Amino acid sequence: MLMLQLMNLDLDRDKFKKLLYKVSDIVADLYSGLEERKVFSGLNPEDVQKLFYEDLPEHSFEPDNVLNKIKDDVIKTSTLNISPYFLAYVASSGTQAGIMAEMIGVALNQICSKWHCSPVGAEMEKQVVEWIGEFIHYPLHYPNSGGSLVSGGSAANMSCLATARKVKAPFDVSKDGLKAGPQLTVYASTETHSCIEKSIDSLGIGKRNLRKIKTNDDFTINIDDLEKQIINDKANNYYPICVVANAGTVNTGAVDPLYKIADICKQYNLWFHIDAAYGGPAAGTNIVGDLFKGLELADSIALDPHKWLYAPVEAGCALVKNVEALRGTFSILPDYLRLDMEKSTRFEFMEHTFQLSRNFRALKIWATFKTYGADLIRKSIEENIKTIKYLEELIDLSDDFEVLSSAILSVLCFRYKTSDEKYQHNDEYLNKLNQELLNAIEKDGRVFITGTLVRENIVLRACCINHRTNKKHIEIFLQIIREIGQTVQASLKD
Ligand SMILES: Cc1ncc(COP(=O)(O)O)c(C=O)c1O
């Protein structure tokens, strides 16, 4: 049984230090053996439950044994999005600088609510938000413009939409609620991430008042339809407040024509918000031409450092041109938080975001920028874009795969079509084959990829925001999928 110092839960210094060395070993071993590990365990819920479900531990357990359990059972049941063969969703690959910073940040246990609870937390957060803005050419300077770090893209979009609602509603939405005025409406393309709909729902605007606008062949919003819908709504006594533009859709990576949306927002006095949770950092690279033209005109942007800035989860960021609008949306000061509050130049993050107790998210992002520098991060993003284009080239050269949506940013949608002419034009068969293939790939576990629908067809979707993935991995990745595809095809034929 664990012998603790009297009256608190701390270990003595030497024991603690020894355990921390062991933690370092576990982490270093995980990273050195990454390529050889399966990305997905292939276990089912019951298998995982067996390892962790037990009666509430009433008595202490040697921390060394707790670490052994983590080393053996936690690692083996984790999905390794840190692996170069993880190309699913839009998932953080994390930086080692971020890991080290996060470990120390946890030890410091900062609560980044009021400035005096963590002076470093507040000042570093301001710096990091300004750096993110600078990186994507959206200049921000506290105290006028800035933003706040939140858990991720969903929270960042929600924060910005809450701000849009507060600023643009023609009545006091915080005081009187939504019934006090006309029905508000928000606009976004059909390709928009589901967190926007979730936000609209949570903000009480009502899902049907999120107008989903059709997209063009390249998956960008149809601007004419957008404008027609706004005009139509105004004529019918709805009250349009905001357009959400995409800078990197989750499905295909499409970037809406931001400058055109900016024009529309200006003309109809709407809040211009961009969901750049995934694609935003590409705006800081040198290989995307003027794809992001107009980004600088946004009233607010949601961007995830835990996606394409490689910070470990959780790290999202709400960027706003007018910080006062953020404060107007989130500031409520009960006595116990108001008294003793030094005004001066202190920036109070608790007044600019929904959460009160907040961890020291800025540290891992700051460490990532400091360690690699903007230049290396930029180059890494460019490499990801080239890597996914390389996958597209390989597929174009093959006779058993086909591209269904060409690489935009770093997303490619493709499917296995077999090398047998007989099946290659049979969508029904190919949908079944690719659905089965997705299941089989997951079960196999060597690579991790998920699917989506492109024009009603089931496709495999590869998204590379992983700084560990290079062309060699992509060749192996495709070969593994081919092998599994052949097996699945053979089983379907039987
Ligand atoms: C475009 C876009 N917006 C928002 C989100 C939601 O972000 P999070 O998962 O960090 O909440 C995602 C997630 O993939 C995304 O790709």
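Analyst: Start with a definition. A helix axis is a line fitted to C-alpha atoms over the stretch in contact, and angles run from 0 to 180 degrees between N-to-C directions. Keep in mind that this model is predicted.

User: How is the packing of two helices described? What are the angle and the axis distance for α5 and α14?

Analyst: Two packed helices are described by the angle between their axes and the distance between the axes. Here, helix α5 covers residues 119-135 and helix α14 covers residues 361-397. Their axes are 9 Å apart, at an angle of about 50 degrees.

User: Which residues make the contact of α5 with α14?

Analyst: From α5 come Gly-121, Met-124, Glu-125, Gln-127, Val-128, Trp-131 and Phe-135. From α14 come Ala-362, Leu-363, Ile-365, Trp-366, Phe-369 and Ala-374. By class, that contact holds 10 nonpolar, 2 polar and 1 charged residues.

User: Another helix packs on α14. What are the angle and axis distance for α4 and α14?

Analyst: The angle is about 140 degrees, and the axes are 8 Å apart. Angles over 145 count as roughly antiparallel, so α4 and α14 are oblique to each other. Is the crossing left-handed or right-handed? For α4 past α14, the crossing is right-handed.

User: Which residues of α4 and α14 meet there?

Analyst: On α4 they are Ala-97, Gly-98, Met-100, Ala-101, Glu-102 and Gly-105. On α14 they are Leu-363, Lys-364, Ala-367, Thr-368, Thr-371 and Tyr-372. This contact of α4 with α14 divides into 6 nonpolar, 4 polar and 2 charged residues. Leu-363 is listed in the contact with α5 and in the contact with α4.

User: Now α1 and α3. How do their axes lie?

Analyst: Helix α1 (residues 13-32) and helix α3 (residues 63-76) meet at an angle of about 10 degrees, with axes 10 Å apart. The pair is therefore roughly parallel. Leu-19, Lys-22, Val-23, Ile-26 and Leu-30 of α1 meet Pro-63, Asp-64, Leu-67, Lys-71 and Ile-75 of α3. This contact has 7 nonpolar, no polar and 3 charged residues.

User: Let's turn to the backbone. Which residues does a cis peptide bond join?

Analyst: Pro-143 sits in the loop between α5 and β1. Another joins Val-313 and Glu-314, with omega about -5 degrees. Glu-314 sits in the loop between α11 and β7.

User: What is phi of Asn-109?

Analyst: Phi of Asn-109 is near 50 degrees, which is positive in a residue other than glycine. Asn-109 is in the loop between α4 and α5.

User: Last, how is the protein divided into domains?

Analyst: Domain 1 spans 14-81, domain 2 spans 111-359 and domain 3 spans 373-493. The C-alpha centres of domain 1 and domain 3 are 31 Å apart. Their contact takes 6 residues from domain 1 and 6 residues from domain 3. The domain 1 side has 2 nonpolar, 3 polar and 1 charged residues.

Definitions and conventions. Residues numbered from 1 in each chain as written. Predicted model: local features only at pLDDT ≥ 70, side-chain atom pairs only at ≥ 80, totals over all residues. Domains from an automatic or database assignment. Contact = placed C-beta atoms within 7 Å. Nonpolar A, V, L, I, M, F, W, Y, C, P; charged D, E, K, R; others polar. Helix = DSSP H or I, 4+ residues; strand = E, 2+ residues; numbered from the N terminus. Parallel < 35°, antiparallel > 145°, perpendicular 65-115°, else oblique. Left-handed = near helix turned anticlockwise from the far one by under 90°.
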